[in-house]
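User: Please take a close look at one part of this model for me, the place where two of its chains meet. Then walk me through some local details elsewhere.

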Amino acid sequence: MIQSLSGPVDTRPWWQKLVQNYTLRTFVQSLFTVWAVITFVFFLIRLMPGNPVEIYVNYLMNTENLTYQDAYNRAASQFKFDPDASVVQQYFVYLGQLLRGDMGESITSTGTKVSSQILRYLPWTVFCVGSALLISFLLGMLLGMLAAYFRNTWVDNVISFLASIVSAVPDYIWAILILIIFGVQLKWFNVGDMRGTYDPATPPGFNLPFILSALQHAILPITTYVLGSIGRWVLAMRGSTTSTLGEDYVNIARARGLKQNRIMTAYVGRNAALPLFTLLAISIGFVLGGSVIVEEAFVYKGLGSFLFWSISQRDYTSMQGVLLIITIAVVFSNMLADLLYSRLDPRVRVTGDK
Amino acid sequence: MSDAIIEFKQIYKSFKKGRTSIPVLQDINLAVKKLEYLCLVGESGCGKTTSGKILVGLLKPSSGQIFFEGQDVSTLRGSEYTRYRRAVQIIHQDPYASLNPTHTIYDILSFPLFRHKLVKNRAQARERAGQLLETVGLTPVRDVIDKYPHQLSGGQRQRVSIARALTTNPKVIVADESVSMVDVSIRISILNMMMNMRESLGVTMIFITHDLALAKYFAWQGRIAVMYLGRIVEIGPTPDITHFPQHPYTKSLLSAIPEPDPDRTRTKDQIRLRSEDIPRLTELPPGCSFHPRCPWFVPGLCDKQLPQLAPVADSKGPVQVACLPMTQGKPLIPYES
Amino acid sequence: MSEVVLSVQDVSIVYRVSRGQVKASQHISFDLHKGESLALIGESGSGKTTVSLSFIDMLPSAAKITGGKVLYTRDGKTENIFEFSEARMRDFRWHDCAMVFQGAQNAFNPVLKIKEQFLDTARAHGWRDKGKVIKRTLELLRLVRLDPERTLESFPHELSGGMKQRTLLALGVLLDPQVVILDEPTTALDILTQRAIIEVLKEMQSRLGFSIIFISHDLALAAEMADRVATMYAGEMVELGSTQHIFYEPLHPYSLGLLQSVPRLSQDKDELSSIKGNPPDLIDPPSGCKFHPRCPFAQELCNQEEPVFKEHEPGHFAACHFTENVIEARANLWKKD
């Protein structure tokens with residue numbers, strides 16, 4: 001009368017297993033998504049009014065009082081860009097480059113590889129937005145859990161109220177408020193001098209002055225990002241914890257005489273945090289996108305502010321490069337979220353796993 | 001054509017889940033006579049609820065035909081189809097979930113009345129709703145009609161669900177575990193009321209339950225069909241099924257049920273199954289799907305051939321079983337492994 | 001009778017709600033003896049779960065114990081549970097008194113293996129020897145007829161409903177408690193699974209000798225499992241006696257009414273009747289005997305004076321003014337046998 005736990009035996013042939021492999025299928029789908037976005041972006045940015053040559057021509061005509069023809073000649077000779085080439089032809093050239101792992105050269109900064117431009121700005125955004133994400137995720141989870149434990153008490157009321165308000169205000173408003181309060185009113189930061197990502201007087205390297213300077217430059221944008229996103233984490237965690245607290249297994253854990261700490265961590269915390277990890281993985285993708293407006297507001301030279309600059313110059317190749325990186329990050333962090341969740345939650349662990 | 005009000009012919013139903021298809025119903029043949037008491041009995045996953053949903057048109061079978069008053073339902077169009085859908089109604093298990101909490105009882109009852117143009121105005125709707133509430137024993141009506149579901153007890157709520165099923169003047173009502181969530185002390189009154197509806201309103205009642213004792217009470221003058229893993233394994237008049245079960249599965253069920261009679265329930269013979277595992281629908285065993293658990297398993301027969309419903313060998317009774325040894329007249333011998 | 005493990009004395013519990021106080025349990029008294037199984041029978045809202053939750057201090061925050069005490073005896077030492085410190089209560093839970101709740105489907109933490117959850121429980125009560133815990137766990141899993149090694153390494157979702165229920169029972173007795181409270185232990189399980197659980201429980205109790213309080217609305221289960229039965233109505237205990245007393249010689253009209261409302265498989269056509277009316281409002285309960293508005297024997301006295309819960313014959317208690325009427329009526333109860 002002993003019960004067996006035998007699962008189904010996998011009898012599929014190898015090629016079917018390959019085709020039906022979950023990870024592989026997700027990966028191929030992601031690649032397809034990236035290609036679709038690249039194509040869309042490529043044509044979309046060429047639909048914007050103006051092109052790099054025209055923008056530069058206008059600039060030259062305004063600043064150096066050149067005639068249109070002179071300015072055009074100079075611009076055309078300076079840029080590796082032929083505004084009269086067919087768009088479809090450009091598209092296939094671009095795709096061919098990408099397949100070889102080459103993102104091309106910047107149109108306006110002739111001779112500079114798009115990839116090296118991106119490498120210059122990317123780390124700062126990753127550092128700034130990444131640490132903000134981590135802070136707001138951890139702090140948000142903590143506050144959300146607190147609110148759920150003390151629900152309907154003043155603790156919960158205060159946390160939930162603040163979280164709702166904070167999450168209702170977009171980050172560019174926070175940027176402006178922070179500039180006004182800490183920069184202009186309190187004068188805690190000399191925002192006028194704090195251009196860029198570190199003080200040019202401190203040479204980059206692994207030394208204290210440089211790290212401090214980098215932190216000093218990043219602290220205001222980080223605060224902005226944290227304020228802009230923490231409310232969401234608090235509210236999500238509060239909801240998730242509240243529903244987990246109502247689960248039978250939590251009640252039974254109490255009836256089993258488990259210690260409060262153990263219940264809070266392994267029984268409530270772990271289960272309540274599960275859906276948030278998916279959100280976190282998805283958010284990682286948006287890290288690279290940074291926030292164009294926040295970086296602009298603090299003159300923080302990250303990927304977002306570079307994107308802003310390349311758009312204003314109609315630097316097609318740079319724009320494509322940045323948007324490609326952002327797309328890849330978003331798509332693959334979604335994929336990561338999918339796979340991560342099936343790792344964390346045994347219930348959705350894909351069969352054929354054991 | 002038979003005198004059946006509703007008839008299943010070779011009904012199959014499977015659900016797709018990912019790349020596997022789950023066979024929920026297989027080869028169901030069933031004719032429900034007008035005003036007959038019929039009970040579908042079985043454990044969870046046996047397909048009884050799916051059968052009920054197919055019967056009232058909430059689900060389409062994967063293959064097979066349903067006849068309503070002799071007409072193939074799949075050929076009905078327009079007003080004919082509407083007439084069929086109105087004529088068959090279902091009462092669900094959970095009166096808490098099936099009544100909209102933001103509507104009053106009047107709203108709940110008047111909505112289908114207006115939609116099916118059974119009443120012309122508010123006054124008529126109120127009058128009809130009142131009649132329906134009286135039919136289901138919710139009197140005085142004025143105490144109930146303007147209340148919200150949460151202001152009623154579980155039993156009262158279930159009566160409202162029944163009243164709602166009656167709004168379209170149905171000919172067939174499928175009651176899916178309709179009293180299992182109602183307190184024991186008032187179950188019987190609801191059951192009695194449903195049985196009375198057969199007399200007073202001419203409704204054929206099909207009762208779906210896992211509780212054989214309730215099935216016995218409800219369908220004493222009718223039939224019970226016992227289902228196991230998507231098939232009917234035994235069908236016959238209720239007294240035959242409850243007192244002289246034939247199919248090994250029915251026998252084990254009846255022996256397993258505790259009874260509210262201490263002396264009897266403690267001395268009852270227990271049939272010990274060979275396994276407590278219920279096979280998954282996706283991995284049904286070959287032959288008779290009960291054979292891995294059956295104490296009277298005949299190797300080489302039960303695991304090879306699919307049993308069909310047939311009378312027990314040498315019996316003239318109306319009971320039909322899907323058990324090869326029984327229909328072939330072989331004695332049941334305990335299987336020693 | 002053997003020694004008393006748990007002595008419940010005049011326990012009253014109310015729930016504070018916006019409309020006032022719900023008198024969920026009023027003046028409950030009973031003794032639980034070593035090794036016996038006592039069934040608390042009653043419908044939803046009868047207070048049977050509330051009173052059990054108070055033993056392990058798991059009442060919802062809106063509840064308040066307004067009186068009484070519960071004396072617990074282990075190894076000759078008697079203490080009042082209601083005066084336990086928080087730490088003492090934490091240790092008391094599961095180690096002395098394990099409560100297995102209704103709905104084992106969700107009783108286990110979905111992200112931890114069964115093994116971890118057994119170890120967690122043992123660790124919380126100071127059982128540090130991991131090897132010994134695993135050894136006992138394996139024994140218990142075998143006792144509940146599961147494949148011990150595989151179950152131990154499973155995640156909860158890999159077990160079927162019946163397997164989870166049995167695993168929970170094994171977990172319940174892991175620390176060798178004196179009292180095991182089972183809240184609707186077989187509700188929502190299939191009949192054959194339910195039978196398996198009943199068998200397992202009987203065997204576990206005879207091997208390990210714990211006392212059981214089980215809470216159920218299922219009279220048949222009580223008939224099968226209980227040594228003594230207590231009937232609860234509207235937050236009060238209305239009758240308490242041996243299983244034979246309650247089922248064959250009930251003294252309270254409510255017990256009689258329940259027995260008259262459950263169908264029995266082994267009988268031919270039952271003569272069943274529901275108890276009229278609905279359960280009372282516990283915020284504003286009826287005066288006198290709370291059952292009088294639904295009672296077929298009620299007289300003026302019942303409206304005015306609350307009957308005393310007293311011993312009518314050795315070990316058989318009831319709270320009714322007119323037990324002689326019940327004695328007369330109960331003669332018909334089993335006549336059809």
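Predicted model: local features only at pLDDT ≥ 70, side-chain atom pairs only at ≥ 80, totals over all residues.

Start with the interface of chain B and chain C. On the chain B side, 43 residues are in contact with 46 residues of chain C. Together the two chains bury about 4000 Å². Of that area, 54% lies on carbon and sulfur atoms. The size of an interface is often given as the accessible area lost when the parts come together.

Which residues of chain B lose the most area to chain C? They are B:Val184, B:Ser185 and B:Pro260. Together these three account for 17% of what the chain B side buries.

Next, the polar side of the same interface. The rule finds 23 residue pairs in polar contact across chain B and chain C, both residues at pLDDT 80 or more. It finds zero salt bridges there.

Which helices of chain B supply the touching side? Five helices each give at least two residues: α6 (184-201), α7 (212-218), α8 (238-243), α9 (248-256) and α10 (262-267). The most comes from α6(B), with seven residues.

Helix α1 of chain B covers residues 48-55. Six of its eight residues are buried, so the helix is largely enclosed by the rest of the structure. The buried ones are B:Lys48, B:Thr50, B:Ser51, B:Gly52, B:Ile54 and B:Leu55. After α1(B) comes B:Gly57, with a positive phi near 85°.

Two loops of chain B deserve a look. One runs between β6 (88-91) and α3 (105-115) and holds B:Ser98. Is B:Ser98 buried or exposed? Its relative accessible area is 18%, so B:Ser98 counts as buried, the cut-off being under 20%. Leaving out residues up to four places away in sequence, B:Ser98 touches B:His92, B:Ser161 and B:Arg164.

The other loop lies between α4 (122-135) and α5 (154-166) of chain B and contains B:Pro140. A cis peptide bond joins B:Thr139 to B:Pro140, with omega at about -10°.

Chain C has two residues to check for backbone angles. C:Trp94 is not a glycine, yet its phi is positive, about 70°. This residue sits in helix α2 (residues 86-95) of chain C. C:Trp94 is buried, at a relative accessible area of 0%.

C:Arg145 also is a residue other than glycine with a positive phi, near 65°. Its place is the loop between α4 (130-143) and α5 (148-152) of chain C. C:Arg145 has 14% relative accessibility and counts as buried.

Where does the largest share come from? Helix α8 (residues 171-185) of chain A provides seven residues of the patch.

A:Ile293 belongs to helix α12 (residues 292-297) of chain A. Its relative accessibility is 49%, so A:Ile293 counts as partly exposed.

Technical notes
Residues numbered from 1 in each chain as written. Chains lettered and ligands numbered in written order. Heavy atoms only, no water. Helix = DSSP H or I, 4+ residues; strand = E, 2+ residues; numbered from the N terminus. Buried < 20%, exposed > 50% of the residue type's maximum accessible area, 1.4 Å probe, protein only. Contact = heavy atoms within 4.5 Å. Buried area = accessible area lost by both parts, 1.4 Å probe. Salt bridge = Lys/Arg side-chain N within 4 Å of Asp/Glu carboxyl O. Polar contact = N/O pair within 3.5 Å; in protein donor to acceptor, adjacent residues only side chain to side chain.
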